[in-house]
Amino acid sequence: MAVTVLLLLLGLSSGVYCDEGVTRKLTVTREYDACMDQLNDSTTCSSHQLGHVVSESAADTLHVLVSLWAQPSVLLLHLPAAAPPPSIDWTLLTGANTTGAIQADQVLSSYGLSLDQLIEFDDPEDTADVTHANATSLRPFALDIVAPGAVVSNWTSTNDSGEQGGIHVRAPPLNASDWTAVGNVTFSVEVLDTSRRTDELPHLQQTGTSAVASLVLDKLLTSSGYKHSRFGVQMTTVGNRSQSLQVIKSLDDEYTPGVFKLVSLSSSATSAGYLQWRPVAYTAPEYIIEHSTTARHYAVRAANATAASPLLRAYFGERALTHQLNVTFGLSEDGWYTDAKYSAWELTVGIGAPPEDEFSLMVILLLGFGLGLPTVALVGGGLWMAVRKVRGQSASPASLLVEEE
């Protein structure tokens, strides 16, 4: 029997993206002054603030607008480099109907995400599955960054230290009724200046047209009568394409130890937006494997455009395609939320095709050694490894080819 195993991986561990090696210029502003210029109303402008991150390269500009009021939301607008920035009508944006408040010309693509509801459910059977909850053991609550009319005064933005940087916009603690009487629900968005993985687990791959959204549930009070509480979140996405879920399995867990899946909500159109995450959450501020638990997703469903946050309706109006999706945190026998009283989850929101995981160099070498690999060759920026017990055969490049005779 002759066995030929040919493994060809184009690109190394981080993958190859269209803006690979490009360092983008990042700036961040709080759009308070622009509101004051139009309205001259400090009370209204203080309670309707936007964090605005601009990520620029020689070819294009990504505008990342982060809602600092109402539901935690992020809006991505991808424009050519020479295009003017989005315009904002603050009278509309601070009103009851925000449709049309944000306008932009020459938009290459656009996409939005909002976190609409915090979900608490009682799980006495320890299934970690919200579909097993009934009406008396399920409690959704609308998320608001601040109570209506409150003044946003403690939002922050920071630049990461180190050779490669980014901008981190953190909203004030969210208002979640009696859950947050002691603890906090916090939302933040990070934009990096290069295509790379995030510094902390789960090491999500970023491109020049993506951002990382994070949700942290810290020391929340659980509902009276719920002795086995778990939490989750309802998300809404808004874009111009229909979307579906894909779960990709991998042999490589080097970037997120113990996690072999990558989940994406995307469409077939490369100009559309996407969400991407690892099905993992963390039960302590130190994101390590010992503090990891499951982030379970559920079926995607179509939603009415009015379900979107004020920020997303301001740009998309009611003509865009809207989807909703729930994600819950925890797994059986983990002690429920009350054991650690902490859940943290991150996901990527981006424009274009979701990044695909590549085998890391370490895993490829381990696979080669495990197969008794005699030959390792670097070919044209990719890694081509071949194992041959041959009788004069030649092998054509393929991702994985096993032939038996």
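## Overview of the chain

Of the 405 residues of the chain, 53% count as buried, where buried means under 20% relative accessible area, exposed over 50%, and partly exposed in between (1.4 Å probe, protein chains only). This is a predicted model, in which local features need pLDDT of at least 70 and side-chain atom pairs count only at pLDDT 80 or more, while totals for chains, interfaces and linings use all residues. Residues are numbered from 1 along each chain as its sequence is written, and side-chain values use heavy atoms, with hydrogens and water left out.

The chain contains 6 helices and 25 strands; helices (H or I, at least four residues) and strands (E, at least two) are DSSP runs, numbered from the N terminus. Among contacts between residues at least 6 apart in sequence, 70% join residues at least 24 apart, a contact being heavy atoms within 4.5 Å.

## Helix 1 and its surroundings

The buried residues of helix 1 are Y32, C35 and M36. Viewed down the helix axis, these buried residues fall within an arc of 100 degrees, so they line one face of helix 1; the arc is that of the directions from the helix axis to the C-beta atoms. An α-helix has 3.6 residues a turn, so residues three or four places apart point the same way. On the face turned away from the buried side, helix 1 carries the exposed residues D33 and D37.

The cover over the buried residues of helix 1 includes strand 2 (25-30), helix 2 and helix 3 (90-93). R30 lies over the face of Y32, at 5.5 Å from the ring centre; by definition, a charge sits over a ring if NZ of Lys or CZ of Arg is within 6 Å of the ring centre and within 35 degrees of the ring normal. Just after helix 1, N40 takes a positive phi of about 50 degrees.

## The disulfide

A disulfide is a covalent bond between the sulfur atoms of two cysteines. Here the criterion is a pair of cysteine sulfur atoms within 2.5 Å, and the count comes to 1 disulfide. The bond is formed by C35 and C45, with their sulfur atoms 2.1 Å apart. The link of C35 and C45 is left-handed, with -80 degrees about the S-S bond. C35 lies in helix 1 (residues 32-39) and C45 in helix 2 (residues 42-46), 10 residues apart. Both cysteines are buried: C35 has a relative accessible area of 0%, and C45 one of 1%.

## Nonpolar cores

A nonpolar core is a set of buried Ala, Val, Leu, Ile, Met, Phe, Trp, Tyr and Cys residues joined through side-chain atoms within 4.5 Å. The largest such core has 43 residues, and those with the most contacts inside it are V64, L113, L217, V233, M235, L275 and W345. A second, separate core of 24 residues includes C35, M36, C45 and L77.

## Aromatic pairs

The structure holds 5 aromatic pairs. Rings of Phe, Tyr and Trp (its six-membered ring) pair if their centres lie within 6.5 Å; planes under 30 degrees apart count as stacked, over 60 as edge-to-face and the rest as tilted. Y282 and Y287 form a stacked pair, 4.7 Å centre to centre with 10 degrees between the planes. Y282 is buried at 3% relative accessible area, and Y287 is buried at 13%.

Y315 and F316 form an edge-to-face pair, 5.0 Å centre to centre with 85 degrees between the planes. Y315 is partly exposed, at 21%, whereas F316 is buried, at 5%. Ring pairs also link W277, F329 and W345 into a cluster.
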